[in-house]
Amino acid sequence: MNWSLSFEPFFSWPVLIALLIPVALLALAGLWTRQRGAWLRLAALAAIGAALANPVLLDEEREPLKSVVAVVVDESQSQTTIGDRADTAQKVSTELEARLARFKDFETRVVKTGRASSAAENAQTRLFDALDGALRDVPPSRVAGAVLITDGQVHDIPENPAALGAPIHSLVTGQPDEQDRRIRFERAPRFGIVGKPLEMTYRVLSTSNETGTVDVRVIINGEEKFIEEARIGRETALEIDIPGAGRNIVELAIDPVPGELTDVNNRTIALVDGIRENLRVLLVSGEPHSGERTWRNLLKSDASVDLVHFTILRPPEKQDGTPINELSLIAFPTRELFVEKIDDFDLIIFDRYQHRDVLPILYYDYIAEYVENGGALLIAAGPEFAGNQSIARTPLISALPALPNGQVIEQGFYPRLTETGERHPVTRGLEGSASEPPHWSRWFRLIGIDRPDGEVVMQGANDQPLLILNRKGEGRVGMFLSDQGWLWARGFEGGGPHVALYRRIAHWLMKEPELEEERLSATGRGMRLEITRQTMADEAPPAEITTPSGKTFAAQLGAAGPGRFSAGMETDEIGIYRIANGDLSTLAHVGPVNAPEFGDMVSTEEKLAPVASATGGSVRRLAGGGLPNIVPVRRTGAASGNDWIGLRTTNDSVLKSVRRVPVFTGLLALGLMLFAFGAMWYREGR
């Protein structure tokens, strides 16, 4: 029973005081002047005041509340993949729950953290976030403390752990003598120029006092490039060449040593986006014409292209006697372009060019050889391609995908995609191609050819080839059999997608990876692996996937559009996935790069020692010592000892009911007041 005294006056306190003060002053004045009956008058006044104040005795029935104990179990990958740490944590958690259940003063809340679907949560061990979530609805006065069961590798230790207001005890799994080597990048730029050296630095670390050197394997996009020697503990410089545009995975690996804790952190990676230097394009226009500016403007507007453009304004046969020094034209530097610097160009475009002795006949051999050795050539043909001075009548014939048949078809037609063109990355999905007729303007000229060699991706009048793409040796050749593309650029009959088409043609010829017909790509988005397969085939075989831990499984690729197949799946491992599909293979990294969770994996007491010191808790290893005893302690007492951990109890309670007992009401109050007034009158009457 909890008795207490309370007042419930019939008037508000200000009114009650205003009524009693004048009477009290008179009674006190009587005492001061020693009048007869002054004490009796004061007693009568006190009886009136007590009756008006209405004192009440309260009997409260309360239910004591329990203190809340948070048990946070670390289930991160460093805890669950090494030795018997996970089994130890599970056994200790079960036993700890059983012991706490014996105390009626404690409420236990168990939180398991570390197994999450998001990349951010998998990257780090965040025990204090889990602890905050478990105690969010508990007032500080009811927090008994927390017990963390972990390997000690915690990445979210707060700056002020004492703000919890209760002891935090850490029970550390693992062995005290664990040894481990690891490697990490110290400086790894995110971007690099394709084919140019990129400088990086890394460091090999060891938990022991190990010295000396270690061999480091340098692996780029899954292919081992070279092995170099690094001194343990010292920052080491590394220089690599970026092999290609787009995402490149640079991986460093060291071999495990006997007795090492784990080899998971014996690898480190850096994701480097390869950037191609400006592509050099040589555009040679055989004569001024309406479509000449279309190619020039497009290539000049492309920030990734350096354009060199020449237009033949004065062919050699035009002899009118004008002295050379009076001509304002620039001489065509044929030897410099086609002999000395031809290999500097990524693409050569002949735009309505015809052979009129501007180029020596031998130079066409050089151009054909340039294509065989990996160069790119585009023929933008006009009527001259079907004439007697066609470049098809030169040694360049060996590089061309088709020969003219002498016909020039002059009639209106809609350029259309062929069945091959609907799947080819150059023409696939061109805006306006899905309707019939296509939602773009007509053209009015087409150059006839015979026996095209390569892939016909667009066709014109009478289903004749319009755009041909072909591989020749190590290089590529394209042939556009109309000079009417400028109608799209000028908006004739609504125009058409000339920018997308011309740019894709140019970049396919210059071997842009994203425009390859047969291409396998994969990327990691958070903890999701996404695979895309481009192919000219009607279907794609299942993709064979190898996880970072070496497990393999197959994933069926579903159609994602003409020539495209894809698959996506959630994963639970962070690291490099290897994907194979037919003759193609690729790599993808899922999750955060070099996540802290896979850095230092040796169990430790050092990181949580400051937390224990600030909160009055403790840090102790489970190996050899077992689970310590649990002792309820007061809020001001010590919370740990050699073989015990203390958890605070609370004085908080819940009010269940209240019983009121009025003190100065009824016959008792009436009798006391009558006695006081009667005594006062009796005394005054004497």
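Here is a friendly chat about a predicted model of one protein chain.

Me: How many helices and strands does the protein chain have?
Reply: Happy to start with the overview. The chain has 686 residues, and its secondary structure is made of both helices and strands. The counts are 14 helices and 36 strands.

Me: What share of the residues of the protein chain count as buried?
Reply: A residue is called buried when its relative accessible area is under 20%. Over the 686 residues of the chain, the share that count as buried is 46%.

Me: What part of the accessible surface belongs to carbon and sulfur atoms?
Reply: The accessible surface of the protein chain comes to about 33900 Å². Of that surface, the part belonging to carbon and sulfur atoms is 50%.

Me: What percentage of the contacts with a separation of 6 or more is between residues 24 or more positions apart?
Reply: Here we look at contacts in the protein chain between residues with a separation of 6 or more. Among these contacts, residues 24 or more positions apart account for 71%.

Me: Is alanine 70 buried or exposed?
Reply: Let's find the residue in strand β3, which covers residues 67-74. Leaving out residues up to four places away in sequence, alanine 70 touches Arg109, Leu131, Leu135, Gly145, Ala146 and Val147. Its relative accessibility is 0%, so alanine 70 counts as buried.

Me: How far apart are the C-alpha atoms of alanine 70 and alanine 144?
Reply: Along the chain, alanine 70 and alanine 144 are 74 residues apart.

Me: Which residue is 27 residues along the chain from serine 208, with C-alpha atoms separated by 8.5 Å?
Reply: Serine 208 sits in the loop between β9 (197-206) and β10 (213-220). With a relative accessible area of 30%, serine 208 is partly exposed. The residue at a C-alpha separation of 8.5 Å from serine 208 is arginine 181.

Me: Is leucine 25 buried or exposed?
Reply: Leucine 25 belongs to helix α1, residues 13-33. Together with Trp13, Ile17, Ile21 and Leu28, Leu25 makes a nonpolar surface patch of about 490 Å². Because its relative accessibility is 53%, leucine 25 counts as exposed.

Me: Is the peptide bond from glutamate 436 to proline 437 cis or trans?
Reply: Proline 437 is in the loop between α10 (419-423) and β21 (446-450). Most peptide bonds are trans. For the bond from glutamate 436 to proline 437, omega is near 0°, and the bond is cis.

Me: What is phi of asparagine 462?
Reply: Asparagine 462 lies in the loop between β22 (455-459) and β23 (465-472). It is exposed, with a relative accessible area of 53%. Most residues other than glycine have a negative phi. Asparagine 462 is not a glycine, yet its phi is positive, near 55°.

Me: What is the phi of glutamate 493?
Reply: Look in the loop between α11 (486-489) and α12 (498-509) for glutamate 493. This residue counts as partly exposed because its relative accessibility is 38%. Although glutamate 493 is not a glycine, its phi is positive, at about 50°.

Technical notes:
Residues are numbered from 1 along each chain as its sequence is written. This is a predicted model: local features need pLDDT of at least 70, side-chain atom pairs count only at pLDDT 80 or more; totals for chains, interfaces and linings use all residues. Side-chain values use heavy atoms; hydrogens and water are left out. Helices (H or I, at least four residues) and strands (E, at least two) are DSSP runs, numbered from the N terminus. Buried means under 20% relative accessible area, exposed over 50%, partly exposed in between (1.4 Å probe, protein chains only). Contact means heavy atoms within 4.5 Å. Accessible areas come from the Shrake-Rupley method with a 1.4 Å probe; for residues, only the protein chains shown count as cover. Patches are made of residues with over 30% relative accessible area and no salt bridge: like charges are joined within 9 Å, nonpolar side chains (Val, Leu, Ile, Met, Phe, Trp, Tyr) within 5 Å. A salt bridge is a side-chain nitrogen of Lys or Arg within 4 Å of a carboxyl oxygen of Asp or Glu.
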